[in-house]
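User: I would like to go through the terms used for this model. For each one, tell me what it rests on.

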Amino acid sequence: MASDTKIICFRHCSSKSIFCKNVPKICPICQSCILDYDIEPFLVPYPYNNAKYEPNSIVIRPSEGTFLNDYHIANDLHIGITNSEGIVFEYDKQGLILNDCAKWTNCIALNIIPSSWESHWNETLKLILKDTKWKSENYDEMSMNCFNFVIEFINNLHYMNMNFLNKETMCGKLILPKLHDALKYNSLFKKLETTEFFISLYTPNVYLIIVINN
């Protein structure tokens with residue numbers, strides 16, 4: 001995570017959380033000098049990853065632009081699969097694409113299997129890649145696209161009865177929960193572009209934190 005994208009959260013004198021880029025000496029709520037905290041300052045978990053460091057994952061990015069700077073909930077998403085080496089495989093109108101690295105440096109990564117399934121993940125992916133139907137001439141924006149590619153892979157994986165009939169069911173069960181957290185981060189990030197602090201009753205998951213040492 002680049003330092004200019006970090007968001008810090010803490011609580012001082014109330015149940016409200018204070019979000020900022022740098023921890024202040026004076027509390028913006030009670031206007032007193034901060035000597036201790038109700039919740040120690042921590043980095044809000046950054047929701048985006050570089051796909052090459054997310055092996056055996058389902059990876060999602062906007063079709064255009066980036067999540068943090070450009071994405072709106074109505075925008076199209078693109079989805080792919082990484083193998084155990086972090087190589088990205090994706091399908092679009094060009095057919096199967098291998099490791100278009102520059103476009104996957106800020107994506108949402110879904111880790112859905114334990115390490116014991118890594119070999120089976122790779123073998124299932126190899127079988128999918130051999131299927132000749134994933135050629136560019138078979139691409140259809142509605143019925144033969146990147147989501148169909150990933151759905152077929154997951155269904156063939158046979159992990160924990162995970163099976164999807166269509167894009168809508170996969171999005172509802174896998175993608176939307178992660179996307180919801182990412183959009184909260186985006187909202188906080190944009191607020192802190194125009195103000196020094198943002199105060200809210202919302203607090204991120206404080207069990208997954210990196211405490212800031214003052």
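Predicted model: local features only at pLDDT ≥ 70, side-chain atom pairs only at ≥ 80, totals over all residues.

Analyst: Residues are numbered from 1 along each chain as its sequence is written, and side-chain values use heavy atoms, with hydrogens and water left out.

User: Why is Tyr139 called partly exposed?

Analyst: Buried means under 20% relative accessible area, exposed means over 50%, and partly exposed is in between (1.4 Å probe, protein chains only). Tyr139 has a relative accessible area of 28%, so it is partly exposed. Tyr139 is found in the loop between helix 2 (118-130) and helix 3. Its C-alpha atom is separated by 16 Å from that of Asn166, 27 residues apart along the chain.

User: What makes strand 6 largely enclosed?

Analyst: Five of its five residues are buried, so strand 6 is largely enclosed by the rest of the structure. Val88, Glu90 and Asp92 point one way, and Phe89 and Tyr91 point the other way. In general, side chains in a regular strand alternate between the two faces of the sheet. The strand itself is a DSSP run (E, at least two residues; helices are H or I, at least four), numbered from the N terminus.

User: How do you know which strands pair with strand 6?

Analyst: Two strands pair if DSSP finds at least two bridges between them. Strand 5 and strand 6 have three bridges, in the antiparallel sense. Gly80 has Glu90 as its bridge partner there. Strand 6 and strand 7 (residues 95-98) have four bridges and also run antiparallel. Phe89 stands opposite Leu98 in strand 7. Both pairings therefore meet the cut-off of at least two bridges.

User: What lies between the strands of these hairpins?

Analyst: Five residues lie between strand 5 and strand 6, and Gly86 in that hairpin takes a positive phi near 80°. Two residues lie between strand 6 and strand 7.

User: Which strands pair with strand 2?

Analyst: Strand 1 (residues 8-11) pairs with strand 2 over three antiparallel bridges, with Cys9 opposite Phe19. Strand 9 (residues 197-200) pairs with strand 2 over four antiparallel bridges, and Ile18 has Ile199 as its partner. Both faces of strand 2 are covered: Ser17 and Phe19 on one side and Ile18 and Cys20 on the other are all buried.

User: What makes the largest pocket a pocket, and what lines it?

Analyst: On a 1 Å grid over the protein atoms alone, a pocket is an open set of points with protein on both sides within 12 Å along at least five of seven lines; in a cavity a 1.4 Å probe fits but cannot get out. Lining residues have an atom within 4 Å of a point. The largest pocket is lined by 33 residues, with Ser63, Leu77, His78, Tyr139 and Cys146 nearest its centre. Helix 3 gives the largest share of the lining, four residues.

User: How are the domains of the chain assigned?

Analyst: Domain bounds come from an automatic or database domain assignment. The assignment gives domain 1 (1-44 + 189-213) and domain 2 (51-164). Their centres, taken over C-alpha atoms, are 35 Å apart.
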